[in-house]
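Here are some notes for a colleague who is opening this structure for the first time. Please read them with the sequence and the model side by side.

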Amino acid sequence: MLSEQEIVRREALQKIRALGIDPYPAAKFEVTAYAADIKQHYSETVAADGTKQRLNYQDIAIAGRLMASREAGKAAFGEIQDSTGRIQIYIRRDEICPDADKSLYKELFLKLLDIGDFIGVKGYAFRTKMGEITVHVTEFKLLSKSLRPLPIVKKDAQGNVFDAFTDPELRYRQRYVDLTVNPAVREVFVKRTKLVQAMRQFFVEKGWLEVETPILQPIHGGAAARPFKTHHNSLDTALYMRIANELYLKRLIVGGFDGVFEFGKMFRNEGMDRTHNPEFTAMEIYVAYKDYIWMMEMVETCLERVAIAVNGTSDAMVGDRKISFKAPYIRLSMTDAILKYTGINIDALDEAGLRAVCKQLHIETDASMGKGKLIDAIFGEKVESHLIQPTYITDYPVEMSPLAKKHRTKAGFVERFELFVNGKEIANAYSELNDPIDQRERFEEQMRLAGRGDDEAMPLDEDFLRALEYGMPPTSGLGIGIDRLTMFLTNNVSIQEVLFFPQMKPEKGS
RNA sequence: GACCUUGUAGCUCAGCUGGUAGAGCAUUUGACUUUUAAUCAAAGGGUCUCGGGUUCGAAUCCCGACAAGGUCACCA
């Protein structure tokens with residue numbers, strides 16, 4: 001069932017064809033200027049007698065969507081939106097139609113063109129009486145007809161917005177419309193790309209190698225999460241969508257690369273909310289002969305540079321808080337962090353002692369929780385939310401980190417850090433476990449957890465162990481959540497705002 | 001998974017204790033040769049998310065479903 005406006009546009013399409021005009025022409029349209037450049041660089045001189053001399057953009061071709069039209073009898077104003085923004089156009093009937101036949105202006109331009117149509121315009125730039133830099137149209141060409149009405153967002157001179165296209169469901173399902181009518185949305189995604197490019201360039205300059213590893217994996221390793229399971233028909237075997245690429249990247253370190261990194265989609269079959277999408281982007285990097293202390297310095301140097309590449313400054317607003325990504329960042333061991341925010345020193349405590357602390361702090365526990373989980377519970381409840389400025393929390397309980405190397409001096413802990421910003425984790429790194437015997441024991445411990453019903457415990461990966469047995473140099477590894485980092489650097493609280501196409505339930509009637 | 005809120009024209013929203021479905025923008029027709037939320041005049045446009053129920057009568061009240069947002073839980 002078509003709406004009235006859709007019917008009108010389909011009728012216009014037929015009339016355009018009847019005029020002998022192809023509403024979807026194949027030929028290229030040579031664009032020679034862009035809205036933002038013209039508005040920024042147009043110049044003219046005004047002589048003493050008031051006559052103006054226009055200095056540039058006097059023979060240009062621009063293309064984009066027609067986003068507004070204001071008709072005034074024998075002349076009309078419109079706005080064209082290209083990839084750089086909008087610029088006003090001005091068209092005069094008797095210039096477009098110098099002869100008696102005025103239909104090109106009156107029929108095609110005024111009646112058959114609609115908001116949303118792509119047109120190409122040739123002409124010259126000038127400044128109107130009102131001071132608006134405008135393209136005076138000498139020729140125009142329909143490049144693609146739009147059959148659906150766009151939501152028209154208008155803004156008055158005071159900057160008040162009318163009829164903003166704000167319904168989140170419509171915006172996410174029809175991101176193309178969102179991008180067309182909400183320029184701020186486009187900006188977020190441009191920043192996301194700048195972020196990834198800056199980080200990639202940082203690693204490339206260090207000489208590290210960008211690689212690709214399997215998304216379909218026979219064993220889902222490298223993280224604690226529930227996977228998506230699928231099936232390969234001709235192999236007749238189960239495959240999992242990767243929840244992490246860690247184990248493959250370490251195999252590459254075994255194979256002799258000094259540094260490898262991958263930006264890739266990860267898939268986790270878990271709940272969705274404003275910080276979790278079933279598929280998300282992680283960057284993981286592994287560098288041989290380094291440790292987690294080195295990695296902290298690398299990360300803060302990298303993030304400072306990334307923040308500047310994205311926003312032009314190392315400061316970022318998150319909500320109404322100013323976060324400084326300028327290196328160096330605070331470093332605090334997990335036990336010191338707990339001491340700082342609770343006043344309790346857990347260093348010497350055994351499991352019973354930790355349980356008593358939880359009770360004292362009104363933190364719920366259950367019998368299955370070991371030392372590591374208890375410490376993590378205290379940290380999660382009492383510390384995390386205080387970590388506003390970028391803060392490294394170091395040295396985690398060994399039980400929670402089956403792929404990290406045991407701490408060089410602290411028994412029961414591993415060489416690991418997580419980076420917290422605004423109370424949320426955005427990065428996770430280890431001195432990687434390269435002792436194959438220890439690694440096998442850690443996997444076996446995970447299997448015991450799985451046997452007790454932990455459906456997120458890591459499965460044992462024989463081939464990965466075989467690789468470690470051949471020998472992996474000491475290596476430091478890091479994972480960064482690219483979506484979350486983008487959220488911080490663009491001041492968004494919802495992951496859906498930094499994903500072009502966030503996962504949605506199927507649309508009704510499709 | 002639990003709870004709360006929302007779903008009305010292309011968009012943004014009104015719609016009272018249940019009584020013929022409303023506005024602005026957009027659309028259509030007309031006027032206007034420097035407008036910019038253009039203006040002026042007129043017109044058209046609705047499966048009130050879907051399915052039940054109560055009622056003489058439901059956009060409105062009740063039940064259920066679907067979708068979205070939020071809070072929490074889970075998760076990293």
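**Notes on the model**

1. The centres of domain 1 and domain 2, taken over C-alpha atoms, are 49 Å apart. In chain A, domain 1 covers 4-150, while domain 2 is made of 184-329 + 389-498; these bounds come from an automatic or database domain assignment. The model is predicted, so local features need pLDDT of at least 70 and side-chain atom pairs count only at pLDDT 80 or more, whereas totals for chains, interfaces and linings use all residues. Residues are numbered from 1 along each chain as its sequence is written, chains are lettered from A and ligands numbered from 1 in the order in which they are written, and side-chain values use heavy atoms, with hydrogens and water left out.

2. The surroundings of RNA strand B come next. Around RNA strand B there are 50 residues, of which the closest are E4, M130, K154, E169 and E425; a residue is counted here if one of its heavy atoms lies within 4 Å of the strand. Of the atoms of RNA strand B that come within 4 Å of the protein, 56% belong to sugar and phosphate. By class, this surface holds 25 charged, 17 nonpolar and 8 polar residues, where Ala, Val, Leu, Ile, Met, Phe, Trp, Tyr, Cys and Pro count as nonpolar, Asp, Glu, Lys and Arg as charged, and the others, Gly among them, as polar.

3. For R70, a polar side-chain atom is found 2.9 Å from a base oxygen of RNA strand B. The elements giving two or more residues to the surface near RNA strand B are α1 (4-18), β3 (60-72), β4 (75-82), β5 (85-92), β8 (154-155) and α5 (168-173); α5 gives the most, with 5 residues. Helices (H or I, at least four residues) and strands (E, at least two) are DSSP runs, numbered from the N terminus.

4. Leaving aside neighbours within four places in sequence, I16 is in contact (heavy atoms within 4.5 Å) with I21, P23, L108, L112, L142 and K145. The C-alpha atoms of I16 and L108 are separated by 7.3 Å, although the two residues are 92 residues apart along the chain. In helix α4 (residues 103-112), the buried residues are Y105, L108, F109, L110 and L112, and their cover includes α1, β3, β4, β5, α3 (93-96) and β7 (133-144).

5. E415 lies in strand β20 (residues 413-421) and counts as buried because its relative accessibility is 3%. Its side chain makes a polar contact of 2.7 Å with the side chain of S431. Beyond its neighbours within four places in sequence, the contacts of E415 include Y292, D395, H407, R408 and Y430.

6. Aromatic pairs are rings of Phe, Tyr and Trp (its six-membered ring) whose centres lie within 6.5 Å, with planes under 30 degrees apart counted as stacked, over 60 as edge-to-face and the rest as tilted. The count comes to 16 aromatic pairs. Y329 and Y392 form a tilted pair, with 5.7 Å from centre to centre and 35° between the planes. Y329 is in the loop between β17 (321-324) and β18 (330-333) and Y392 in strand β19 (residues 391-397), so the pair ties together parts that are 63 residues apart in sequence. Both Y329 and Y392 are buried. Ring pairs also link F202, F203, W208, F261, F263 and W294 into a cluster.

7. The peptide bond from A327 to P328 is cis, with omega near -5°, and P328 is found in the loop between β17 and β18. D163, which is not a glycine, has a positive phi of about 55° and counts as exposed because its relative accessibility is 62%.

Methods:
Buried means under 20% relative accessible area, exposed over 50%, partly exposed in between (1.4 Å probe, protein chains only). A polar contact is a pair of N or O atoms within 3.5 Å; within protein, one must be able to donate a hydrogen and the other to accept it, and residues adjacent in sequence count only if both atoms are side-chain atoms.
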